[in-house]
Amino acid sequence: MSESAKNRSSQAPMPARHSRRAAGERIIGQASAIFLRAGFKDAGFLLHWPAIAGAHIARVAQPVKWQESAGGAVVTLRCEPGAAVLLQHETRALLEKANAYLGAGRIARFKFVPGPLPPAEPISPHPAPDSGARPENMDLAEALERLGRLRKRLTRS
């Protein structure tokens with residue numbers, strides 16, 4: 001039995017939801033309005049902040065606002081309350097690193113605002129946890145054999 005003409009015409013084909021752009025490109029495009037509200041024209045500075053500032057600074061400070069001025073931009077960094085004073089001593093080095101990434105003279109100064117930061121990612125455990133005998137309790141042959149096993153395990157992963 002065949003369907004009636006009425007049923008066939010009422011079921012329009014579903015529009016395709018496939019996109020030829022990568023998911024990351026779509027997300028950055030949608031998030032650009034949020035970045036613009038904070039003054040960041042390019043999300044690259046925020047995305048590459050740990051590489052620009054260094055891991056030790058990125059753990060305690062994050063850029064939250066960008067204000068353009070005639071002499072250069074003022075970047076507001078939210079930082080852990082105790083870290084604001086210590087980061088002021090590293091301002092010159094941080095300015096050099098940021099301006100090396102963005103171009104000479106783009107950032108004039110940093111403004112530090114104490115506040116809570118999102119929790120940092122936990123540090124990954126050692127790749128080869130040791131559950132066997134301690135080296136001081138084994139002879140040279142056992143220690144070399146154990147070292148060989150650990151190296152094989154690390155090179156495979």
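These are my notebook entries on what I looked up in this predicted model.

**Ground rules**

I took the model as predicted, so that local features need pLDDT of at least 70 and side-chain atom pairs count only at pLDDT 80 or more, while totals for chains, interfaces and linings use all residues. I kept the numbering that starts from 1 along each chain as its sequence is written, and side-chain values use heavy atoms, with hydrogens and water left out.

**Overall make-up**

I looked up the secondary structure of the protein chain and found eight helices and three strands, where helices (H or I, at least four residues) and strands (E, at least two) are DSSP runs, numbered from the N terminus. From the N terminus on, the order of the elements is α-α-α-α-α-β-β-α-α-β-α.

I then turned to burial, for which buried means under 20% relative accessible area, exposed over 50%, and partly exposed in between (1.4 Å probe, protein chains only). Of the 157 residues in the protein chain, 25% are buried. The accessible surface comes to about 12,200 Å², and carbon and sulfur atoms hold 57% of that surface; the areas come from the Shrake-Rupley method with a 1.4 Å probe, and for residues only the protein chains shown count as cover.

For contacts (heavy atoms within 4.5 Å), I noted that among those in the protein chain with a separation of 6 or more, 57% are between residues 24 or more positions apart.

**Helix H7**

Which residues of H7 are buried? I listed Thr 91, Leu 94, Leu 95, Ala 98 and Asn 99. They cover an arc of only 125° around the axis, and therefore lie on the same side of H7; the arc is that of the directions from the helix axis to the C-beta atoms. I set beside this the general point that an α-helix has 3.6 residues a turn, so residues three or four places apart point the same way. On the other side of H7, Arg 92, Glu 96 and Ala 100 are exposed.

The cover over the buried residues of H7 includes helix H3 (44–47), helix H4 (49–53), helix H5 (55–58), strand E2 (73–79), helix H6 (83–89) and strand E3 (107–114). After H7 comes Gly 103, with a positive phi near 125°.

Thr 91 is buried at 17% relative accessibility, and a polar atom of its side chain lies 2.9 Å from the backbone oxygen of Gln 88. Leaving aside neighbours within four places in sequence, Thr 91 is in contact with Phe 110 and Phe 112.

Asn 99 is buried as well, with a relative accessible area of 14%, and a polar atom of its side chain lies 3.3 Å from the backbone nitrogen of Arg 106. With neighbours within four places in sequence again left aside, Asn 99 is in contact with Ala 104, Gly 105, Arg 106 and Ile 107.

**Aromatic rings**

How many aromatic pairs does a search of the whole structure find? I recorded four, where rings of Phe, Tyr and Trp (its six-membered ring) pair if their centres lie within 6.5 Å, and planes under 30 degrees apart count as stacked, over 60 as edge-to-face and the rest as tilted. Phe 40 and Phe 45 form a stacked pair, 6.3 Å centre to centre with 20° between the planes. Phe 40 is buried, at a relative accessible area of 3%, and Phe 45 is buried at 3% relative accessibility. Phe 40, Phe 45, Trp 49 and Trp 66 form one aromatic cluster.

Val 113 sits in strand E3 and is partly exposed at 33% relative accessibility. Leaving aside neighbours within four places in sequence, Val 113 is in contact with Thr 76, Leu 77, Arg 78 and Cys 79.

Gly 82, in the loop between E2 and H6, is exposed at 57% relative accessibility, and its C-alpha atom is separated by 9.8 Å from that of Gly 115, 33 residues apart along the chain. Pro 116, in the loop between E3 and helix H8 (140–156), is exposed with a relative accessible area of 69%; Pro 116 and Pro 81 are 35 residues apart in sequence and 7.8 Å apart in space, C-alpha to C-alpha.

Notes:
Polar contact = N/O pair within 3.5 Å; in protein donor to acceptor, adjacent residues only side chain to side chain.
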